[in-house]
Amino acid sequence: MRTHLVKSIFKLPQSITMVTRRTKTSSAVYVASRARDPTFEKLMEKYKNFLKVIAIQDLILANPNKKPPSVSLEFLSRLAQKLHLNRGAASFLRKYPHIFQIYYDTKKCQPFCKLTDIALDISRQEADAINGGFPIVVDRLVRLLSMSASNSVPLRAVFKVWRELGLPDDFEDSVIAKNPDIFQLGDGNEPNTHVLKLVDEKMGVSGFTAAVEQWRVTECCKEDCDVDRMMLRYSFKHRFPPGMRLSKDYKAKVKKWQILPYVGPYEEMGEKKRTRAGVKALEKRAVAVCHEFLSLTVEKMVEVEKISHFRNALGIDFNIRDLFIDHPGIFYLSTKGKRHTIFLREAYERGCLIEPNPVYNVRRKLFDLVLLGRHGMLKESSKSGNADVSEDSDATFFSLYTGLASELKAAMDFTQRRIYVDRKEESFRLHELVLDQLQCFIISSSNVPKGCLAVYVGESVKNRWAASRLHAEKTSS
């Protein structure tokens, strides 16, 4: 039986073409075998914490009725696993005192988290930058819909990438509803789903110019351009990862792929041809669509999971993650932070956008605060401490001496019943005073000097602590 089967295979007509497939290599192994770029890896290593900061910031700003907007630590602790806060919410918040501030609400008897003044100011600047570029926001949505053959995309897919596209958080009301002559919401194929459409279908074929076309025009206009214009007609800019070995066969394949004609992202695709040449043309069009999609984003990057929601609407019939890996000169795939993120390589230089936009510049300020971490807090704490003394006469300062003979200042704020103590020298004395008190909470604060704890105590503990410190000073003198 087996021999008969082998003979029947060899008797197949010669007209059947065999298509090579990646059968023995799993998807995870294929992703791991990609060429790495240290610049993008370092950027994503820091960016993954930035995404967590944004998630917490959105939760805080989602409570505008509270003055100031805040959220309880208990609520954030319940979401710690979902937000990928491995060491808990409180530990993560302490890492970024320039962004988050923990305070104790005496009315609700529990700690809360709010944004610092500088973080609130950055969020307002981002909202102003988005609202100021309202025509750009509308143009991005129109371009996105124009890349679809039906001039429509699922609304839930747009909700996935509203931040990447620089849309306001209420874009359904502020953008779609206020432009009924451009956008229209319709029912989707599935129950309880909606589709975002263009009112005028002619707008989808209004002659948009793709970002890669602008690069081709710029390259052709250069005086020192030594590339044939016919080769630039269908080519893409390639910047391969450093250290990637390019064999002669690979270079020849890239050169052949560059001159392959394809249908642009804003052109009508027509009938799909399933021949070998037709499949290659469809693949190149998919690359052009993804290239244009990334060009429409604010930071020229997006998660693979999010862009995959547009596959059917944009006519991409390929595994989109493998598509990015197959073209390392155009895209870069990073797997940092338990997510697959795709970058447009040509848009970046040394981890920053070559042509930044207003929204990106504002978000970069928040990203810089994430990179800053806890640095600079000791100097700011001393300044804020001196300001508190001049404004609040009830604040008393004590000098604490460590084994290294370095002087620290521990402030007792009678209004908030807060004491700053040095962890090494004074913690054991504090424990003797507060072990039997139920109103004691040990919490880190943005105003606490480095190496100290912020301890919220009751009235009796506060008086006993002041008496013990005065007695210790008299004894030492």
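Guide: Start with the term itself. Rings of Phe, Tyr and Trp (its six-membered ring) pair if their centres lie within 6.5 Å; planes under 30 degrees apart count as stacked, over 60 as edge-to-face and the rest as tilted. Ring pairs link F40, Y332, F343 and Y348 into a cluster. A search of the whole structure finds 17 aromatic pairs.

This is a predicted model, where local features need pLDDT of at least 70, side-chain atom pairs count only at pLDDT 80 or more, and totals for chains, interfaces and linings use all residues. Residues are numbered from 1 along each chain as its sequence is written, and side-chain values use heavy atoms, with hydrogens and water left out.

Take F40 and Y332 from the cluster. Their pair is stacked, at 5.2 Å centre to centre with 20° between the planes. The pair links distant parts of the chain. F40 lies in helix α3 (residues 38–61) and Y332 in strand β8 (residues 331–334), 292 residues apart. Helices (H or I, at least four residues) and strands (E, at least two) are DSSP runs, numbered from the N terminus. F40 and Y332 are buried, meaning under 20% relative accessible area (1.4 Å probe, protein chains only).

Now move to F236 and W257. Their ring centres are 5.7 Å apart and their planes stand at 35°, so this pair is tilted. F236 sits in the loop between α11 (229–232) and α12 (248–258), while W257 belongs to helix α12, 21 residues apart. F236 and W257 are both buried.

Each of these two rings also has a charge over it. That label requires NZ of Lys or CZ of Arg within 6 Å of the ring centre and within 35 degrees of the ring normal. The charged end of R216 is 5.3 Å from the centre of the F236 ring. For the W257 ring, the charged end is that of K284, 4.7 Å from the centre.

Next, confidence. pLDDT is the predictor's confidence in each residue, from 0 to 100. The protein chain has a mean of 76, and 71% of its residues reach 70 or more. Strand β7 (residues 301–303) has the highest mean, 96, and strand β12 (residues 396–401) the lowest, 26. Over residues 384–458 the pLDDT is below 50. Where pLDDT is low, the predicted coordinates should not be read in detail.

Finally, the setting. The protein chain has 20 helices and 16 strands. Of its 477 residues, 43% count as buried.

Conventions
Contact = heavy atoms within 4.5 Å. Buried < 20%, exposed > 50% of the residue type's maximum accessible area, 1.4 Å probe, protein only.
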